[in-house]
Amino acid sequence: IGFIGLYCRKIIGVRSLLTVEPNPATIEMMRRNYALNQLKPVVVQAAAAAVNGEISLDVGGEFWENSIVSTAAEGRRITVPALSLASLVKLLPEPPTVLICDIEGAESHLDFTQLPATVTRVIIEMHPHLIGEQRTRELVEALHDMGFRTGSIEEHTLLLVR
């Protein structure tokens, strides 16, 4: 848990990183993994969403199955805080330059127009099996309309650059 953040901090040398994680159990696992690497995560317990408030999170199954758009009927649901991209940006010590987004279909609930112009890279895993092919195309087109171009694609993960 927290692999991408650990990689960014330890290998790439990223100075400022904010992790957004809605599941408190996952946050505890992340904190343990960071401690094993002599680091502390900067993490906010919330789901990234279009607007601030609360949202229902399916926490059934494995940690990677946690989602606000889960189709699992047997999953346990908890209510978690939801924060917009604009609110998350305000929590940062400096303007962000990259957004890394793997949120199990919840990408369809984000308002990417809230990203500041300082964000020049978006790395996003799309989940068409959860949100549909049409919604996936709409999200990519919206990012293209914001000046991002697709730099590369690996399976359902896109690098968008502006």
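**Entry 1: salt bridges.** I searched the whole structure and found four salt bridges, a salt bridge being a side-chain nitrogen of Lys or Arg within 4 Å of a carboxyl oxygen of Asp or Glu. I note that this is a predicted model, in which local features need pLDDT of at least 70 and side-chain atom pairs count only at pLDDT 80 or more, while totals for chains, interfaces and linings use all residues. Residues are numbered from 1 along each chain as its sequence is written, and side-chain values use heavy atoms, with hydrogens and water left out.

**Entry 2: R15 and E94.** I looked up this pair and found its side chains in a salt bridge, at 3.3 Å from N to O. R15 sits in the loop between α1 (3-12) and β1 (19-20) and E94 in the loop between α3 (85-90) and β6 (98-101), so the contact ties together parts that are 79 residues apart in sequence. I took helices (H or I, at least four residues) and strands (E, at least two) as DSSP runs, numbered from the N terminus. R15 is exposed at 70%, whereas E94 is partly exposed at 34%.

**Entry 3: R77 and D58.** I recorded a salt bridge between R77 and D58, with the closest N and O atoms 3.8 Å apart. R77 belongs to strand β5 (residues 77-84) and D58 to strand β4 (residues 53-58), and the pair links distant parts of the chain, 19 residues apart. R77 is partly exposed, with a relative accessible area of 41%, but D58 is buried at 1%.

**Entry 4: R135 and E138.** I found a salt bridge between these side chains at 3.4 Å, N to O. Both residues lie in helix α5 (residues 133-145), three residues apart, and are therefore separated by about one helical turn. R135 is partly exposed at 28% relative accessibility, and E138 is partly exposed at 34%.

**Entry 5: a three-stranded sheet.** I traced an open sheet of three strands in the order β3-β5-β4, with mixed pairing. Its edge strands are β3 (47-49) and β4, each of which pairs on one side only. Two strands count as paired if DSSP finds at least two bridges between them. Neighbouring strands are turned by 50° against each other on average, direction ignored; the axes are lines fitted to C-alpha atoms, for helices over the stretch in contact, with angles from 0 to 180 degrees between N-to-C directions. β3 and β5 run parallel and are joined by three bridges. I also noted A49 opposite S84 in β5.

**Entry 6: the whole protein.** I listed five helices and nine strands. From the N terminus on, the elements run α-β-α-β-β-β-β-α-β-β-α-α-β-β. The radius of gyration is 15 Å, close to the 15 Å that the globule rule gives for 162 residues, so the protein is as compact as a globular protein of that length. The radius is taken over C-alpha atoms, and the rule is 2.2 Å times the number of residues to the power 0.38. The C-alpha trace spans about 40 × 40 × 30 Å along its principal axes. Of the 162 residues, 37% count as buried.

Key: Buried < 20%, exposed > 50% of the residue type's maximum accessible area, 1.4 Å probe, protein only.
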